[in-house]
Amino acid sequence: MANRKVTLALGGGGARGLAHLGVIEVLEAHGYSCSRIVGVSMGALVGALSASGKSSLEIQRTALRYLLSERFREHQETLFGMSGGSGPAGGNGYFAWYYRIQQFLRANSLFRRIITQPGMLPGVLLDDVVDHLLDDCNIEDLPIPFTAVAVDLISGHQVMLESGPLRPAVCGSSSLPGIFPPVDLNGMQLCDTGTFCSLPARIATSYGQGPVIAVEVSTDVTPGIRAASALDALIRVDEIGEYYWRKQVRPHADLLLQPNVAHVPWYDFTAAPRLIELGRQAALQNLRQIAELFPRES
């Protein structure tokens, strides 16, 4: 059992990333442990929670208590300027979300904020989530080695955060560019790298710390969506580019798990229990493939 260690690569995808919790629960229940967890965006938040050494069920209770709370619901309303609603017909994923942001801008006259402020929304919204869910500690002090992946706007490089304060590292990995302000950390300006690569499989493989299981919760490109504005076209190209980049990094994983979460809007955290269950199902359906990552003892 001591040798059944995997490196987890947890992808970004908003609320869909809660499926990671179900995957980790099944791995734990079947005797697997993590030699390292590498996360992007929501994958970084869940990865940091899991690297704390707490049991998967305890982590789920903590996450659900906050994500289903009145406090978090108020954050959601602040983020979208409304509760409920949806994007254009047939839209999902980033496209539907940016449509909501576009409507939010029109309704709240935030154009001035876009051209004068570092983000459309205050960073305290993201800070509050991270402060409620993560301990105030350094990454290197976590029981399980952990890497948060972000992009540094100053150097123009993707960065792997393996030490230093945990909370700002996760905030930096989760700060959608243009929406939340970049996070200043150690002379860097950190943003979410998930807009161009939401699956850190290649980075996880580079550590050479056992088989890599990558969990992908971003969705494929939805065909048939016509861009009606310049903003729509820019967003659509970004979505397509991120999808093709993900296809390039998938082969770096020894096993790719893809929970069936495409039908859940990325911003719908009310679906948290269902998303965790979908993660469980994906892991349970692949238990044989997971076992085959480890040679049988003679």
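**Burial and the basis of the model**

A residue counts as buried when its relative accessible area is under 20%, as exposed when this area is over 50%, and as partly exposed in between, using a 1.4 Å probe and protein chains only. By this rule Asn186 is exposed, because its relative accessible area is 64%.

This is a predicted model, in which local features need pLDDT of at least 70 and side-chain atom pairs count only at pLDDT 80 or more, while totals for chains, interfaces and linings use all residues. Residues are numbered from 1 along each chain as its sequence is written, and side-chain values use heavy atoms, with hydrogens and water left out.

**Two residues with positive phi**

Asn186 is found in the loop between β5 (183-185) and β6 (188-191). Helices (H or I, at least four residues) and strands (E, at least two) are DSSP runs, numbered from the N terminus. Phi of Asn186 is near 50 degrees, a positive value in a residue other than glycine.

Ser41 also has a positive phi, near 55 degrees, and is likewise a residue other than glycine. Ser41 lies in the loop between β2 (33-40) and α2. Is Ser41 buried or exposed? Ser41 is buried, since its relative accessible area is 11%.

**Helix α2**

Helix α2 covers residues 42-50, and nine of its nine residues are buried, so this helix is largely enclosed by the rest of the structure. Among these buried residues are Met42, Leu45, Val46 and Leu49. Gly43 and Gly47 also belong to the buried residues of α2.

**Helix α3**

Helix α3 (residues 56-67) has twelve residues, which at 1.5 Å a residue should span 16 Å; its end C-alpha atoms are 16 Å apart, in agreement with that value. The expected span is 1.5 Å times one less than the number of residues in the helix.

Which residues of α3 are buried? They are Ser56, Ile59, Gln60, Ala63, Tyr66 and Leu67. Seen down the axis of α3, these buried residues fall within an arc of 140 degrees, so they line one face of the helix. The arc is that of the directions from the helix axis to the C-beta atoms. The face turned away from the buried side of α3 carries the exposed residues Arg61 and Arg65.

**Packing of helix α1**

Helix α1 (residues 19-29) packs against α3 at an angle of about 160 degrees, with the two axes 9 Å apart. That makes α1 roughly antiparallel to α3. Axes are lines fitted to C-alpha atoms, for helices over the stretch in contact, and angles run from 0 to 180 degrees between N-to-C directions. Angles under 35 degrees count as roughly parallel, over 145 as roughly antiparallel, 65 to 115 as roughly perpendicular and the rest as oblique.

Helix α1 also packs with helix α11 (residues 272-285), at an angle of about 45 degrees and with axes 6 Å apart. That makes α1 oblique to α11.

**Cysteines and Ala201**

The structure holds zero disulfides, a disulfide being a pair of cysteine sulfur atoms within 2.5 Å. Cys137 is partly exposed, because its relative accessible area is 22%. Cys197 counts as buried, at 6% relative accessibility.

Ala201 lies in helix α9 (residues 201-206). Ala201 is buried, with a relative accessible area of 0%. Ala201 and Thr7 are 194 residues apart in sequence, and their C-alpha atoms are 9.5 Å apart in space.
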